[in-house]
Amino acid sequence: MTHPVPSTRQSGPDQGPAPASAPASAPASAPASPKKHGPPRALGLRLDVHTLSLLGILAVLVAVGGITEPDAFLDSGNLQLVLTQASVIGVVTVGVTFVITSGGIDLSVGAMVALASVWATTLATQEYGFAGILFTAVLVGLGAGLVNGVLIAYGRVVPFIATLAMLASARGVALQITDGRTQIVTVTSVLDLGLPGSYVLGIPPLVLIFAAVTVAGWLLLNRTTFGRRTVAIGGNAEAARLAGIDVRRQRLYLYLLSGLCCGIAAFMLIVLSGSGQNTNGNLYELDAIAAAIIGGTLLSGGRGTIVGSVLGVLVFTTITNIFALNNLQSDVQQIAKGAIIVAAVLVQGRTSSHAET
């Protein structure tokens, strides 16, 4: 009567062929087969609930802003400002979401935004006009992402260390370029993008750029082989390698994508502020990672959601706006953000544990 127990243990994927007595245990394991389809359905339900909960939190914040400062918060100009401010960090968050989904981390996004913004606003670059500023910002972002990708994918440097080194280096180079001074943009066509006259149906161009990046990121993650490979690597890199995925090349592409998003965000920040500074993008890495986490992207990798990340950005940006309109201290704002992050991580932990049972 004890033979079926060892035969069940030896039937796993890592144990090799089962002994002859294994068929005797088949009837006992048959009722458990429907359970294999249970966790994915439950997980999908939880993801929907998570998205709805973020929408609920956002609705509550809008209600709070409308009650505390109805004239200021609900003003169309203020709502446009919230969306515009969310757009810059939102583009960065899209790139970070891909990296985290793959099981990596990028602590250098804020520094890459700063480096790209100051390099694109030097006097030599501004001589080439709109195209020169845009091209330089994107190129610098890609270059920094390439360095991260090569170090991590082919140099086998831990992502935390590699991107931390990039954070320090990029900030240092940005400071050296500016010598601590603000570089004013004089290209009229760039500055005009931030003016109401360039709005499309009342929507700022930066918001439209953010929307385009979001849609592209969603399609890339959910409807392409690139996205499936990203999720596979985050779930189990070794299994992905055995399945024929070039893990190193995929990781290189992911950090290139993160750098590209930083370059686009740097150009948007130049339009928004009309200048380039070595302090640009300060703490963007923390805001982007936090937004992705509360949006439902697993910090351990294997699952990511662009929609959730965007909602996370909107939640944080709305909180900042409400606190500013009510003249509340920034330290209370940071405490509120920290509490939201901790709550999101706890919810993720419970979701993962339930999905595994």
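Q: How many residues does helix α8 have, and what span does it reach from its first C-alpha to its last?
A: In this predicted model, helix α8 covers residues 129–154, which is 26 residues. Its end-to-end C-alpha span is 37 Å, close to the 38 Å expected at 1.5 Å a residue.

Q: Which residue with a positive phi follows α8?
A: That residue is Arg156, with phi near 55°.

Q: At what angle do α8 and α9 pack?
A: The angle between α8 and helix α9 (residues 159–178) is about 150°, and their axes are 9 Å apart. Angles over 145 degrees count as roughly antiparallel, so α8 is roughly antiparallel to α9. The crossing of the two is right-handed.

Q: Which residues meet there?
A: From α8 there are Ala144, Val147, Asn148, Leu151 and Ile152; from α9 there are Pro159, Ala162, Thr163 and Met166. Sorted by class, this contact has seven nonpolar residues, two polar and no charged ones.

Q: How many residues apart in sequence are Val138 and Leu260?
A: They are 122 residues apart in sequence, while their C-alpha atoms are 6.0 Å apart in space.

Q: And α14, what is its span against the expected one?
A: Helix α14 (residues 247–273) has 27 residues and spans 39 Å from first to last C-alpha, close to the expected 39 Å at 1.5 Å a residue. Gly274 follows α14 and has a positive phi, near 70°.

Q: Changing topic: how do the axes of α15 and α16 cross?
A: Helix α15 (residues 284–294) and helix α16 (residues 306–325) cross at roughly 120°, with axes that come within 7 Å. The two helices are therefore oblique to each other. Their crossing is right-handed.

Q: Which residues make that contact?
A: On α15 they are Asp287, Ala290, Ala291, Ala292 and Ile294, and on α16 they are Gly308, Ser309, Gly312, Val313 and Phe316. By class, six are nonpolar, three polar and one charged.

Q: How many aromatic pairs does the structure hold?
A: The structure holds two aromatic pairs. One of them joins Phe98 and Phe226, whose ring centres are 6.3 Å apart and whose planes are at 50°, so the pair is tilted.

Q: Where in the chain do Phe98 and Phe226 sit?
A: Phe98 is in helix α5 (residues 76–101) and Phe226 is in helix α12 (residues 225–235). The pair links distant parts of the chain, as the two residues are 128 residues apart.

Terms used:
Residues numbered from 1 in each chain as written. Predicted model: local features only at pLDDT ≥ 70, side-chain atom pairs only at ≥ 80, totals over all residues. Heavy atoms only, no water. Helix = DSSP H or I, 4+ residues; strand = E, 2+ residues; numbered from the N terminus. Expected span 1.5 Å × (residues − 1). Axes fitted to C-alpha atoms, helices over the stretch in contact; angles between N-to-C directions. Parallel < 35°, antiparallel > 145°, perpendicular 65-115°, else oblique. Left-handed = near helix turned anticlockwise from the far one by under 90°. Contact = heavy atoms within 4.5 Å. Nonpolar A, V, L, I, M, F, W, Y, C, P; charged D, E, K, R; others polar. Phe/Tyr/Trp six-rings, centres within 6.5 Å; stacked < 30°, edge-to-face > 60°.
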